[in-house]
Amino acid sequence: PNTGESENARLPKEMTFIIDISGSLKGESIIQAKTSLVTAISELNERDYFNIIAFEQQYQTYAIQPVKADHANKNYAYSFINGLDAGGGTEVLPALHEGMSQAQSSSAVSMIFLITDGSVGNETRILQAIKNKLGNARLFPIGIGSAPNSFLLRKAAEQGRGTFTYISSPGEVESKMMTLLKKIESPVLTNIH
């Protein structure tokens, strides 16, 4: 079978990875979070775009806006991820706002991955922001560590027309990420409610 065709039929994706690097992820969790990010980025192809926003009290972005997922950008991204250390408080809202506003800027299928243990305050404000600002993008929360705030992350997935993935142990990072990426690969899922 000619697989080249289905590859072209696939809409280019734009993935914004918002990764929690606050103090509560120190140790095993930050390693899991970073591994899941590398796995996801390595699976992107040249027609896709991506960006990374890392947050604790402040946030830092890998690029000003999503960049093409070519070989060079992926490699730069791996060193950016490599340099991330856990520490500081957890202010998810500014990073989320940044990610959502970037998602509005292109015609690609926009998806936001929120990688966090979810130990954040102001749940109501976060859910409200998703409701008001997400637009056509979809949000996929990924809970990391032994005690993620599943309540918030499930609600956020619901609100963001995405799915919630829970990664409880380092051994599951690869398989859970691949399952999620396969799930969003099938365009059948564009309009679920």
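Analyst: Happy to; we can go through the overall layout, the inside of the protein and a few residues. Please keep in mind that this is a predicted model.

User: Great. How many helices and strands does the protein chain have?

Analyst: The protein chain has seven helices and seven strands. Starting from the N terminus, the order of the elements is α-β-α-β-β-β-α-α-β-α-β-α-β-α.

User: And what share of the residues counts as buried?

Analyst: The protein chain has 193 residues, and 48% of them count as buried.

User: How many cavities of 30 Å³ or more are there?

Analyst: The count is one cavity of 30 Å³ or more.

User: Which residues line the cavity?

Analyst: The lining is made up of Val-92, Leu-114, Thr-116, Gly-118, Val-120, Ile-126, Leu-152, Leu-153 and Ala-156. By class, seven of the lining residues are nonpolar, two are polar and none is charged.

User: Which elements supply at least two residues of that lining?

Analyst: Those are strand E5, residues 109–116, and helix H6, residues 150–159. H6 gives the most, with three residues.

User: Let's stay with H6 for a moment. What about Lys-155, where does that one lie?

Analyst: Lys-155 lies in helix H6. Its relative accessible area is 35%, so Lys-155 counts as partly exposed.

User: Leu-152 was in the cavity lining. How far apart are Leu-152 and Thr-124?

Analyst: Thr-124 and Leu-152 are 8.9 Å apart, C-alpha to C-alpha, and 28 residues apart in sequence. Thr-124 is part of helix H5, which covers residues 123–133.

User: Is Thr-124 buried or exposed?

Analyst: Thr-124 is exposed, because its relative accessibility is 63% and the cut-off for exposed is over 50%.

User: New topic: charges. How many salt bridges are there?

Analyst: The count is one salt bridge. It joins the side chains of Lys-176 and Glu-172, at 3.5 Å from N to O.

User: How accessible are Lys-176 and Glu-172?

Analyst: Lys-176 is partly exposed at 28% relative accessibility. Glu-172 is partly exposed too, at 24%.

User: What about Glu-14, buried or exposed?

Analyst: Glu-14 is buried, and it has no salt bridge. The nearest side chain of opposite charge belongs to Lys-68, 11 Å away. A salt bridge needs the nitrogen and oxygen to be within 4 Å.

User: Then which side chain makes a polar contact with Glu-14?

Analyst: That would be Ser-110, whose side chain is joined to the side chain of Glu-14 by a polar contact of 2.8 Å. As for its place in the chain, Glu-14 is in strand E1, residues 13–20.

User: One last thing. What is the phi of Arg-161?

Analyst: Arg-161 has a positive phi of about 55°, although it is not a glycine. In general, most residues other than glycine have a negative phi.

User: Where is Arg-161 found?

Analyst: Arg-161 is in the loop between H6 and strand E7, which spans residues 165–167. With a relative accessible area of 24%, Arg-161 is partly exposed.

User: Thanks, that helps a lot!

Terms used: Residues are numbered from 1 along each chain as its sequence is written. This is a predicted model: local features need pLDDT of at least 70, side-chain atom pairs count only at pLDDT 80 or more; totals for chains, interfaces and linings use all residues. Side-chain values use heavy atoms; hydrogens and water are left out. On a 1 Å grid over the protein atoms alone, a cavity is a set of points where a 1.4 Å probe fits but cannot get out, and a pocket is an open set with protein on both sides within 12 Å along at least five of seven lines; lining residues have an atom within 4 Å of a point. Grid points are joined across faces, edges and corners, and a volume is the space filled by probe spheres set on the points. Helices (H or I, at least four residues) and strands (E, at least two) are DSSP runs, numbered from the N terminus. Ala, Val, Leu, Ile, Met, Phe, Trp, Tyr, Cys and Pro count as nonpolar, Asp, Glu, Lys and Arg as charged, and the others, Gly among them, as polar. Buried means under 20% relative accessible area, exposed over 50%, partly exposed in between (1.4 Å probe, protein chains only). Lys and Arg count as positive and Asp and Glu as negative; His and the chain ends are not counted. A polar contact is a pair of N or O atoms within 3.5 Å; within protein, one must be able to donate a hydrogen and the other to accept it, and residues adjacent in sequence count only if both atoms are side-chain atoms.
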